[in-house]
Amino acid sequence: MVALPPGTRETNITRLIAPRPIALISTVSTDGAVNAAPFSFFTPVRYSPPTLCFSIGTKKHSSQHGYQPGLTEESPDLPKDTWRNLCDTNDFVMNFVSADLLEAVIVTNKRWPYGVDEIAKSGLGVEASTKIKAPRIREAKLALECVVAKTVDLGGQIVVFGDVVQVHADPQILDEDGKVNCLKADPLMHCFEDLFVKMGDSIRRTLDRYNF
Ligand SMILES: Cc1cc2nc3c(=O)[nH]c(=O)nc-3n(C[C@H](O)[C@H](O)[C@H](O)COP(=O)(O)O)c2cc1C
């Protein structure tokens, strides 16, 4: 092993902890403008009742990491539209789309002005959620309706915790016992910068005891 110098591109944690599935998070403003953006900093944090969290940076922060080129050091460090909507309406949908929708995901990552319907721009559609205000993405294989439970400002990034209040799944990704099988969802995953991966080989190994 070699000790990598701190604070370099090589030690960027997005490169170290990868690949990560991509969630398209949809939100809505108080005046009804819908929005979607890709996020890969997310994880489940409570099994039951189900809670997950994801982390939002600022627009300039994403630009510095190559996600949204174009902002300069002088640009104001504005909150992302997702965060503005969460502050307004307090809920969101975590949508999972299959790898063939990569191009649509890229469109939602562009720097659209606040209020622009990025979902329509990407060619995707929306369906009304059943328990929350934010709509879900019609083409998603899996959609988790979430209500914001708590936010933690880490400085530079805000972690949003969401209680999952309703799950929608495409029947095609369900096993015969009705459980979601991620292999069937063909999830899109991100390695770093312009490198994405699809699900590869899987390994089945019976656990002596699944004790979570
Ligand atoms: C693959 C991928 C993963 C991303 N993950 C995150 C993330 O976890 N957190 C974040 O703040 N931005 C992330 N971004 C950048 C946001 O999606 C981007 O800033 C987006 O335009 C924000 O949109 P909004 O202003 O409509 O909320 C990611 C972008 C890509 C392409």
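Mentor: Two strands count as paired if DSSP finds at least two bridges between them. The structure to be discussed is a predicted model.

Trainee: In which sense do β4 and β5 pair, and which residue in β5 is the bridge partner of F42?

Mentor: Four bridges connect β4 with β5, and the pairing is antiparallel. Within β5, the residue that partners F42 is F54.

Trainee: In what order do the strands of the open sheet of seven strands stand?

Mentor: This open sheet is built with antiparallel pairing, and its order is β3-β2-β6-β9-β10-β5-β4. Because β3 and β4 (42-46) each have a single partner strand, one side of each lacks a neighbour in the sheet. From one strand to the next, the twist averages 35 degrees.

Trainee: Over how many bridges do β9 and β10 pair?

Mentor: Strand β10 covers residues 158-169, and β9 pairs with it in the antiparallel sense. One of the bridges sets L144 against V167 in β10, and V148 stands opposite G162 in β10. The number of bridges between β9 and β10 is eleven.

Trainee: Which residue in the turn of the hairpin formed by β9 and β10 has a positive phi?

Mentor: Four residues lie between β9 and β10 in this hairpin. The residue with a positive phi, about 85 degrees, is G155.

Trainee: Which residue in β10 stands opposite L52?

Mentor: Strands β5 and β10 are joined by six bridges and pair in the antiparallel sense. The residue of β10 that stands opposite L52 is G162.

Trainee: Which strands stand at the edges of the open sheet of three strands?

Mentor: The strand order is β1-β11-β12, with antiparallel pairing. Each edge strand has a single partner, so one of its sides is left without a neighbour in the sheet. Those edge strands are β1 (20-21) and β12 (195-197).

Trainee: Which residue in β11 stands opposite P21?

Mentor: Strand β11 spans residues 189-192, and two bridges link β1 to β11 in the antiparallel sense. Opposite P21 stands M189.

Trainee: At about what angle to β2 does α3 run, and what angle does the direction of helix α4 make with that of β3?

Mentor: Helix α3 lies across β2 (23-28), β3, β5, β6, β9 and β10, and α3 runs at about 50 degrees to β2. Helix α4 (residues 102-109) also packs on the sheet, where it touches β2 and β3. The angle for α3 is about 50 degrees, and for α4 against β3 it is about 110 degrees.

Trainee: Which residues of the largest nonpolar core touch the most other members?

Mentor: The core holds 34 residues, and those touching the most other members are A23, I25, V93, V97 and I137. Two or more core residues come from each of β2, β3, β5, β6, α4 and β9. In soluble globular proteins, nonpolar side chains tend to be buried together. The residues asked for are A23, I25, V93, V97 and I137.

Trainee: Which element gives the most to the shell around the ligand?

Mentor: The shell has 18 residues, of which A37, F41, K80, D81 and T82 come nearest. Two or more shell residues come from each of β3 (34-39), β5 (51-56) and α3 (81-89). By class, the shell holds seven nonpolar, nine polar and two charged residues. With four residues, the element that gives the most is β3.

Trainee: What is the omega of the cis peptide bond that joins S48 and P49?

Mentor: P49 sits in the loop between β4 and β5. The bond from S48 to P49 is cis, and its omega is about -10 degrees.

Trainee: Is N90 buried or partly exposed?

Mentor: N90 lies in the loop between α3 and β6, and its phi is positive, near 65 degrees, although N90 is not a glycine. A residue counts as buried with 20 or more other C-beta atoms within 10 Å and as exposed with 12 or fewer. Because N90 has 16 such neighbours, its class is partly exposed.

Note on methods:
Residues are numbered from 1 along each chain as its sequence is written. This is a predicted model: local features need pLDDT of at least 70, side-chain atom pairs count only at pLDDT 80 or more; totals for chains, interfaces and linings use all residues. A residue is near a molecule or strand if its C-beta atom, placed from the backbone, lies within 6 Å of it. Ala, Val, Leu, Ile, Met, Phe, Trp, Tyr, Cys and Pro count as nonpolar, Asp, Glu, Lys and Arg as charged, and the others, Gly among them, as polar. Axes are lines fitted to C-alpha atoms, for helices over the stretch in contact, and angles run from 0 to 180 degrees between N-to-C directions. Two residues are in contact if their C-beta atoms, placed from the backbone, lie within 7 Å. A nonpolar core is a set of buried Ala, Val, Leu, Ile, Met, Phe, Trp, Tyr and Cys residues joined through C-beta atoms within 7 Å.
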